[in-house]
Amino acid sequence: MKFNLITGAVVIAAMTALPAAADNHSVDKTGWPESFTVGTGSQGGTYFGYGTGWANIAGEELGVSGGAEVTGGPMQNMALVHSGDLPFGMTTMGPAAESIAGSNPIAPGLKMDKACAMFPMYQTPFSITALSSSGITSVADIPEGARIGFGPAGSTSDTYFPRMMEELGVKFERRNGGWSDLGSQLQDGLLDVIAFAAGVPVPAVSQLEVQTDINIIEFSEDEQTKITAAFPVANFDIAADTYTTLESPARSVSMWNFAIANCDLPETFVHGVVKAVMSDNGRMVQTHKAARSTLPEFWDRNTVMKWHPGAARWFQENASADIPADMIYSN
């Protein structure tokens with residue numbers, strides 16, 4: 001089953017692939033593609049920058065041309081990777097669980113179990129931004145009927161943040177769009193608030209604080225407790241050095257992100273991709289600061305998806321990962 005969902009997509013080609021490392025010459029490359037594409041998210045969001053970075057790194061190391069593609073984010077990536085329309089993508093644990101259960105709004109009732117876990121990426125904090133001129137400094141300050149931008153339709157932010165705001169008693173008008181576009185709308189007074197769920201620093205927020213004065217609004221302890229009790233998230237602090245606007249850590253909640261692969265991709269190919277990304281964290285951090293959490297020890301943050309056999313083998317060999325056999329995909 002194929003999903004023709006890449007409407008208006010933007011493909012970013014990676015740099016010309018360099019020759020594969022010497023130890024790759026002995027690898028069985030049966031079934032390897034000549035090129036690959038990673039499904040990311042909207043331009044101006046963390047997925048796009050991060051995904052472009054690891055596509056370049058993997059492509060260079062394996063001698064295969066790699067690139068990133070703009071998509072609707074985690075829910076759409078699950079559909080595209082499950083169907084095989086894209087070999088790779090990125091998702092968060094919440095949308096992954098809903099997709100596997102058959103609750104993905106793109107194809108209700110279809111259990112998307114052909115998207116396999118590949119490697120841990122980073123935690124996605126949920127944070128709120130408003131212009132300082134709005135006077136909004138807390139969730140309680142958000143006025144009834146506020147126009148809130150929740151990111152691209154079907155994204156992690158759009159899936160969970162409206163529910164969180166409702167849980168906290170906020171009454172709002174829901175708006176969707178890419179992060180760069182929503183940032184411009186906030187600056188132009190067309191939105192009152194943007195509710196971000198994205199790895200930090202969010203490029204759109206970094207750009208906003210250079211151009212105008214903004215408030216990055218943290219959750220109160222009570223609000224944090226309510227949200228963690230109701231949703232698959234954990235407590236998280238956004239570090240003070242993430243944005244120049246912050247003077248101290250901002251209280252938030254977060255959800256883990258994982259790179260995903262179509263489960264039928266060759267084992268040696270996926271093993272090579274994981275090795276390229278996970279073996280040099282410093283290089284990954286150069287592509288995006290969120291990659292500071294792209295570390296082997298976080299393999300156990302996946303409690304939802306089955307592992308691709310090639311990925312599972314790398315973590316078993318290099319991170320002493322105790323992955324149960326029934327959590328590794330098998331035809």
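Contacts between residues 24 or more positions apart make up 76% of the contacts in the protein chain that have a separation of 6 or more. The model is a predicted one, and its protein chain holds 10 helices and 11 strands. The radius of gyration of the chain is 19 Å, close to the 20 Å that the globule rule gives for 331 residues, so the chain is as compact as a globular protein of that length.

**Overall dimensions, surface and charge**

- Of the 331 residues in the protein chain, 56% count as buried.
- The accessible surface of the protein chain comes to about 13500 Å², and carbon and sulfur atoms account for 48% of that surface.

**The disulfide**

- The count of disulfides comes to one, and this bond is formed by Cys116 and Cys263, whose sulfur atoms are 2.1 Å apart.
- Cys116 belongs to strand E5 (residues 115-131), whereas Cys263 sits in the loop between strand E11 (250-262) and helix H8 (267-278), so the pair ties together parts that are 147 residues apart in sequence.
- The torsion about the S-S bond of Cys116 and Cys263 is about 110°, and the disulfide is therefore right-handed.
- Both partners are on the buried side of the 20% cut-off in relative accessible area, because Cys116 has a relative accessibility of 1% and Cys263 has one of 5%.

**Helix H3 and Ser99**

- Helix H3 (residues 93-100) has six of its eight residues buried, so this helix is largely enclosed by the rest of the structure.
- The buried residues of H3 are Met93, Gly94, Pro95, Ala96, Glu98 and Ser99, and the elements that cover them include helix H2 (74-83), strand E4 (88-92), helix H4 (156-167) and strand E11.
- Ser99, which is found in helix H3, has a relative accessible area of 0% and is therefore buried.
- When neighbours within four places in sequence are left aside, Ser99 is in contact with Met75, Met78, Asn104, Leu110, Lys111 and Met112.
- Just after H3, the backbone at Gly102 takes a positive phi of about 90°.

**Tyr50 in helix H1**

- Tyr50 lies in helix H1 (residues 46-62), and it counts as buried because its relative accessibility is 0%.
- Not counting residues up to four places away in sequence, Tyr50 touches Met90, Phe119, Pro120, Met121, Tyr122, Met284, His288, Ala291 and Thr294.
- Tyr50 and Asp113 are 63 residues apart in sequence, and their C-alpha atoms are 24 Å apart in space.

Notes. Residues are numbered from 1 along each chain as its sequence is written. This is a predicted model: local features need pLDDT of at least 70, side-chain atom pairs count only at pLDDT 80 or more; totals for chains, interfaces and linings use all residues. Side-chain values use heavy atoms; hydrogens and water are left out. Helices (H or I, at least four residues) and strands (E, at least two) are DSSP runs, numbered from the N terminus. The radius of gyration is taken over C-alpha atoms; the globule rule is 2.2 Å times the number of residues to the power 0.38. Buried means under 20% relative accessible area, exposed over 50%, partly exposed in between (1.4 Å probe, protein chains only). Contact means heavy atoms within 4.5 Å. Accessible areas come from the Shrake-Rupley method with a 1.4 Å probe; for residues, only the protein chains shown count as cover. A disulfide is a pair of cysteine sulfur atoms within 2.5 Å.
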